Amino acid sequence: DVYKRQSLNDPNCYFLEPDQFALIEAEQSGKYSGIGASLAIRAQPRDGYTEYKIVIAAPIPGSPAEKAGLKPGDVVTYLNGRWVLGYDPFLRANRMADKLERRANDAQTEEVRKEFTAARQRAQGGFGLFGAQMALRGDTATLKRLNLPSDKISVTIERPGAKNPITVEMTYAQTEVPPVSGRVLPDGSGYIHIPAFTTKTTEQFKTVFASLPRNKGLVLDLRGNPGGLSESAVAIEGLLSSSGVFGYEVRPGGKSVSVKPVSYTGVNQPLAVLTDQGTASVAEALAAALTDKGTTALIGRETFGDSLLQTAYSLPD
């Protein structure tokens, strides 16, 4: 897994076997396997090199992850007591050896030896980023290859603000994203909650949106929304905004191409968007696109901060 990442020079690019790709496609339709959480990779500089971390973007409502108390921003560090390799553990040991190559006393040499031993143990017993992600998704082949149980997993996380690591055990289950929901608020304005952007979201949104009063104001709730299909978010922006651009795609060479909905049917009405730390990816993009129009109030906590959009490319076989 480390070598794959280095050859592609991108920790978010992977080759997927058919069964693994089927899990990703199922998530796009709103069905999450394994622990039932949207995952993200975050890069963080550390002592002269980059450490990559698997972070919980948002647990899906009703999932094993939510029931176990996992929260957006939790960093996955161990699976069943085995380390998730976010960086090459030999880097620190090699730097220590380089510094002490010419002038090293016995105590310093022993320190380097211990560092190499610890690095070897971590590397041999740990998981690569891709393997850890697929294990959290409950991929059968990955679990078998990594010698992990097929029905449950113990996950250790580091939580911002918590003094000590937290370990929870979860039994795998399939979790379906709840549908788009809405209601009329006491003041006559409308409320719509979008839990995630899937292949079903646009049509569900249209149905709920049509049932609410127009020109009375609308509250769009994107809290705990981990993102999903960008096409769905772009289409919904077109239903809520009467003009504008959803965003820009910067292509190789620096060329910028605007991303627009196919059509704009939005009506002019007061709009408020609710966000929290679990608002990620295209959910953040939708909140930003609507706010950029100048007619939307953004209310809530700072969002997850995931600017990544991934695209699957099918190979000939």
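Two strands pair if DSSP finds at least two bridges between them. Strands (E, at least two residues) and helices (H or I, at least four) are DSSP runs, numbered from the N terminus.

This is a predicted model: local features need pLDDT of at least 70, side-chain atom pairs count only at pLDDT 80 or more, and totals for chains, interfaces and linings use all residues. Residues are numbered from 1 along each chain as its sequence is written, and side-chain values use heavy atoms, with hydrogens and water left out.

**Exercise 1. Find the strand partners of β3, and state how covered β3 is.**

Step 1. Start with strand β2 (residues 37–46). It runs antiparallel to β3, and 10 bridges join the two. Within this pairing, L39 has I56 of β3 as its bridge partner.

Step 2. Turn to strand β4 (residues 75–79). β3 pairs with β4 over 2 bridges, also in the antiparallel sense. Here I54 is bridged to V76 of β4.

Step 3. Check burial. Buried means under 20% relative accessible area, exposed over 50%, partly exposed in between (1.4 Å probe, protein chains only). Strand β3 (residues 49–59) has 9 of its 11 residues buried, so it is mostly covered.

**Exercise 2. Locate the aromatic pair and describe its geometry.**

Step 1. Rings of Phe, Tyr and Trp (its six-membered ring) pair if their centres lie within 6.5 Å; planes under 30 degrees apart count as stacked, over 60 as edge-to-face and the rest as tilted.

Step 2. Search the whole structure. F205 and F209 form it, 5.5 Å centre to centre with 25 degrees between the planes, which is stacked.

Step 3. F205 and F209 are both buried.

**Exercise 3. Which arginines lie over F209 and F304?**

Step 1. Apply the test: NZ of Lys or CZ of Arg within 6 Å of the ring centre and within 35 degrees of the ring normal.

Step 2. R214 lies over the face of F209, 4.3 Å from the ring centre. The charged end of R42 sits over the ring of F304, 4.0 Å from its centre.

Step 3. P226 is 78 residues from F304 in sequence, yet their C-alpha atoms are 8.6 Å apart.
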